[in-house]
Amino acid sequence: MSGLIIDDISMRFELPDGNAVQALKNVSLDIKEGEIMAVLGPSGCGKTTLLNIVAGFLAPTEGNITLGGQVVRGPAAERGMVFQQGALFEWMNVRKNIGFGPRMKNTPKADIDKRVDELLGIVGLQDFGEKMIYELSGGMQQRVALARCLANEPEVILMDEPLGALDALTREKMQGLVLKLWKETGKTIILITHSVEEALLLGERLLVMAPRPGRIHKEYRLPFAEMGVNADLREVKTHPEFGPRREEILSMIWDMEEEIMGRTESAA
Ligand SMILES: Nc1ncnc2c1ncn2[C@@H]1O[C@H](COP(=O)(O)OP(=O)(O)OP(=O)(O)O)[C@@H](O)[C@H]1O
Ligand SMILES: [Mg+2]
């Protein structure tokens, strides 16, 4: 079993001018194996910082992360990251991108080929293995990014606005793919998004963070991700609870943004 425990994390960035930013303060979460959690919150509330700490790219100033009882001390294959865009190897074809992690681990070529074929199928890119990255659309590139992450067999998948750069239709398809991957692989997923609808659709847990200092403001448990596994996402959005939840969370975030603007203006 490999639950992810975020235990009282705080992160303070010391700035060169002597000031400091309290990016996170006393954030605690207990995420069970196989949960999918969406994270929303105004710009600067520490979402990326939190994900980078879980990934092991940053060490928190206070607190600990443990995965399956082991303290996280740096990046490792058990925690895979999918970025918004631009993190693929442009000079490699799709197959080579997806097989990169296993190649680094000296996995036998036949095993890599088999695994890459499977992953191409899972993300719907069966016929694109030999293409170069620049030949693919943005949506296809994100499919490659997902497959490359899965190839490392992570226990936890961390996504920082993975669908943020896509057009609306492609985005909708990719949201369906994320739900499918979640159900089929049983992975734990943490997904940051700026879209309230996306967070409602993909987060069986939905975390709303607040800024200055970055902290957990509210948490929801929602039925929509589970519904979306077997239904059209547009249908899920017509569920009687969906609209009111969306409005509630939108105004929550809107109020926070207003407050930040107010503070900035009065400070000027
Ligand atoms: N390396 C760093 N050095 C100094 N300050 C930082 C650093 N990284 C982040 N910060 C500050 O910490 C706060 C949180 O930043 P973070 O990038 O985590 O926010 P975010 O919620 O991901 O925002 P966005 O929605 O815009 O991506 C911000 O005030 C940011 O300026
Ligand atoms: Mg961010």
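Predicted model: local features only at pLDDT ≥ 70, side-chain atom pairs only at ≥ 80, totals over all residues.

Trainee: OK, which residues are around ligand 1?

Mentor: The shell consists of Phe-13, Val-21, Ala-23, Gly-41, Ser-43, Gly-44, Cys-45, Gly-46, Lys-47, Thr-48, Thr-49 and Gly-214. Two elements give two or more residues to it, strand 2 (20-31) and helix 1 (47-55).

Trainee: Which element gives the largest share?

Mentor: Helix 1, with three residues.

Trainee: And how do the shell residues divide into nonpolar, polar and charged?

Mentor: Four are nonpolar, seven polar and one charged.

Trainee: Switching topic. How is the chain divided into domains?

Mentor: Domain 1 covers 4-78 + 175-267, and domain 2 covers 85-153. Their C-alpha centres are 27 Å apart.

Trainee: How many residues are in contact between them?

Mentor: Four residues of domain 1 contact six of domain 2. On the domain 1 side, the touching residues are three nonpolar, one polar and no charged.

Trainee: Now helix 4. What span should it have, and what does it have?

Mentor: Helix 4 runs over residues 109-122, and its 14 residues should span 20 Å at 1.5 Å a residue. The end C-alpha atoms are 20 Å apart, so the two agree.

Trainee: Which of its residues are buried?

Mentor: Ile-112, Val-116, Leu-119 and Leu-120. Seen down the axis, the buried residues of helix 4 fall within an arc of 100°, so they line one face.

Trainee: Why would residues a few places apart point the same way?

Mentor: An α-helix has 3.6 residues a turn, so residues three or four places apart point the same way.

Trainee: What's on the face turned away from the buried side of helix 4?

Mentor: That face carries the exposed residues Ala-110, Asp-111, Lys-114 and Gly-121. The cover over the buried residues includes helix 2 (94-98), helix 3 (100-104) and helix 5 (138-151). After helix 4 comes Gly-124, with a positive phi near 75°.

Trainee: And helix 5, is it largely enclosed or exposed?

Mentor: Largely enclosed by the rest of the structure, because eleven of its 14 residues are buried. Among them are Val-144, Leu-146 and Leu-150, along with Arg-143 and Arg-148.

Trainee: What covers the buried residues of helix 5?

Mentor: The cover includes strand 6 (79-82), helix 2, helix 3, helix 4, strand 7 (156-160) and helix 6 (168-185).

Trainee: Which residue just after helix 5 takes a positive phi?

Mentor: Glu-153, at about 50°.

Note on methods. Residues numbered from 1 in each chain as written. Chains lettered and ligands numbered in written order. Near = placed C-beta within 6 Å. Helix = DSSP H or I, 4+ residues; strand = E, 2+ residues; numbered from the N terminus. Nonpolar A, V, L, I, M, F, W, Y, C, P; charged D, E, K, R; others polar. Domains from an automatic or database assignment. Contact = placed C-beta atoms within 7 Å. Expected span 1.5 Å × (residues − 1). Buried ≥ 20, exposed ≤ 12 C-beta atoms within 10 Å, placed from the backbone. Arc of directions from axis to C-beta.
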